Structures are given as C-alpha cells and as structure tokens.
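Subject: Structure handover

Hello,

Here is the structure we talked about. Please open it next to this message; my notes follow.

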Amino acid sequence: MRKARHENFPVASRLLPRRYRGHLLNVYRFARSVDDAGDETAPEWRLSYLDAIDADLTRLYAGSAPRLPFVRALAGTVEDCAIPSEPFRRLVAANRRDQSVRRYATFEDLLGYCELSANPVGHIVLHVFGRADPSRFALSDRVCTALQIIEHCQDVAEDHGRGRVYLPAEDLRRFGATEEDLVRVPTTAPLRRVLALQTGRAKALLNSGGPLAASLTGFARLAVAGYVAGGRAAVAALERADHDV
C-alpha cells in the first residue's frame, strides 16, 4: 500500500485548497507512520507499536488526547470530516497482518488483503471531501485495489527483500515463475507473464472504478481523477517496459 498511496497523496494535495490539503496530509502522515511501524520498526517491537497506535485511536474517538503525534494530528480532521474509526483501524490491521502473512495463495486472498491495506484510504478521502456513501465506496475500492496491485508489480524485489510476496502463488505456478525470479535482472519471461496478468487485472479495476470521478464535482473530482490518472500512467509504463520491473 506504500507507493500508490504515499506518492498520490502529496501530488494531489498541491492542487487543492488549504482546507482539503491539510486534512489529506494528516491522513498521509498517519498512513505513512503506520506503514513505518510495520516495516521499519525493529521486528520485535512492531506488534507492540501497532497496538499502541490502535490504543491511541481508541483515545482519539473517546475524546481523550492521543499520545502519538501523528494520531493527535488527526483530531481536527476526524472532527471536521466526520470520519469513523473503522478505516483507520483497517490500515493498522493490514500492517499487523504483514507480520504473520507473507504469501498469498490466490488472487482472491490478495483482494482480501487489499480490503485492509488499500481500500480504507479511498473511504477516508471521500469523507474528507464530504462525498462518502456506499455506492462511491464500491467504486473507490476498485480504484484503490488497482493502485495496490500496481504497487505490488513495481516492487516485487523490494517486497521480497522484506520477506513478502504479494503475487498470488497460483499465478506464479501457472506461468512457471519461481520466487528466485523476483530478484533476477532483467525480469525473467515467466515473471513478466505473471506481472502482465496482474497489470491487466489492475487496468480492468481502474476502468470499472473510473466512474467514481464522474460522480463527483469540484475539487473532489479533481483529486480522484488524479489518482485514477496516476494509476493508468503506471499501467502504461509497465506495459511499455514489457513488464521488466
């Protein structure tokens, strides 16, 4: 969930009025801090740190002062935009899952991970713009899942270095790719075929979620259209490179 989310937030925020920009950057800092807790903290402290973030969310929503600065900074955003706690907790849960689940057998299993790691971000963004409703959430989920899959394609070697593989095992077997292929340069032909499949899935999800932008107006439409355009540009880049990552 790192690149798709972390790079799009600051880029989109530069185009927006201060009231939206500040809220999105507060969300960005929270999401980045949660990811760092799950990836950069010493392994023996990661679960404790994630528990501390969860406890701080409980304080925040109970009206008490959070202890961590990036959670404390969310207070005004949560109040002004009426954002529920659930999407923030799902982001924490995704990083908690990363500590124990390091392989995904099927694409459906991976979609379940994206429900935690990517889709909550879209819900939060819609709340920030005051456009949250179930029909938009469904479209947003497709866009956010697509961005997550694209990030997995771009970062196969980096993820493998962290001990994680986000390409479905069934797809690796189908095309005869091995985990050793994830770090070979240039990208092997079997792995390229796996990545082409994932990229195609991401493109289809982006296309099916694309109507989300058309359902919005003003700055909300501008921001979401930017996220979708960024995903499509990344897909195009992967295709031009013949999926050599």
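Is R201 buried, partly exposed or exposed? R201 counts as partly exposed, because its relative accessibility is 21%. The cut-off for buried is under 20%.

Please keep in mind that this is a predicted model. Confidence first. The protein chain averages a pLDDT of 94. A score of at least 70 is reached by 95% of the residues. Residues 1-6 stay under 50. For that stretch the model has 30 contacts beyond four places in sequence.

**Salt bridges**

The count comes to 18 salt bridges.

R201 pairs with D171, and the closest N and O atoms are 2.8 Å apart. This pair links distant parts of the chain: D171 is in helix α11, R201 is in helix α12, and 30 residues separate them. D171 counts as buried because its relative accessibility is 3%.

D51 and R96 also meet through their side chains, with 2.9 Å from N to O. Here, too, distant parts of the chain are linked. D51 sits in helix α3 and R96 in helix α6 (residues 86-98), 45 residues apart. D51 is partly exposed, at 42% relative accessibility. R96 is partly exposed as well, at 26%. Both belong to a network of salt bridges that links D51, D54, R89 and R96.

E179 lies in the loop between α11 (169-174) and α12 (189-209), and R103 in the loop between α6 and α7 (107-117), so the pair ties together parts that are 76 residues apart in sequence. E179 is partly exposed, with a relative accessible area of 29%. R103 is partly exposed at 39% relative accessibility.

As background, side chains of opposite charge can pair when their charged atoms come close.

**Core**

The largest nonpolar core has 66 residues. Which of its members touch the most others? They are F30, I53, V71, F88, F129 and L167. Beyond four places in sequence, F30 touches I53, L57, F70, V71, L74, F88, L91 and V92.

H23 lies in helix α2 (residues 18-39). H23 counts as buried, because its relative accessibility is 13%. Leaving aside neighbours within four places in sequence, H23 is in contact with G76, T77, D80, C81 and V128.

E40 lies in the loop between α2 and α3 (46-62). E40 counts as exposed, because its relative accessibility is 52%. Neighbours within four places aside, E40 is in contact with D35, R46 and R162.

**Surface**

One nonpolar surface patch covers about 280 Å². L15, F219 and L222 make this patch. L222 is placed in helix α14 (residues 218-240). At 40% relative accessibility, L222 counts as partly exposed.

Best wishes

Terms used: Residues are numbered from 1 along each chain as its sequence is written. This is a predicted model: local features need pLDDT of at least 70, side-chain atom pairs count only at pLDDT 80 or more; totals for chains, interfaces and linings use all residues. Side-chain values use heavy atoms; hydrogens and water are left out. A nonpolar core is a set of buried Ala, Val, Leu, Ile, Met, Phe, Trp, Tyr and Cys residues joined through side-chain atoms within 4.5 Å. Buried means under 20% relative accessible area, exposed over 50%, partly exposed in between (1.4 Å probe, protein chains only). Contact means heavy atoms within 4.5 Å. Patches are made of residues with over 30% relative accessible area and no salt bridge: like charges are joined within 9 Å, nonpolar side chains (Val, Leu, Ile, Met, Phe, Trp, Tyr) within 5 Å. Accessible areas come from the Shrake-Rupley method with a 1.4 Å probe; for residues, only the protein chains shown count as cover. A salt bridge is a side-chain nitrogen of Lys or Arg within 4 Å of a carboxyl oxygen of Asp or Glu. Helices (H or I, at least four residues) and strands (E, at least two) are DSSP runs, numbered from the N terminus. pLDDT is the predictor's confidence in each residue, from 0 to 100.
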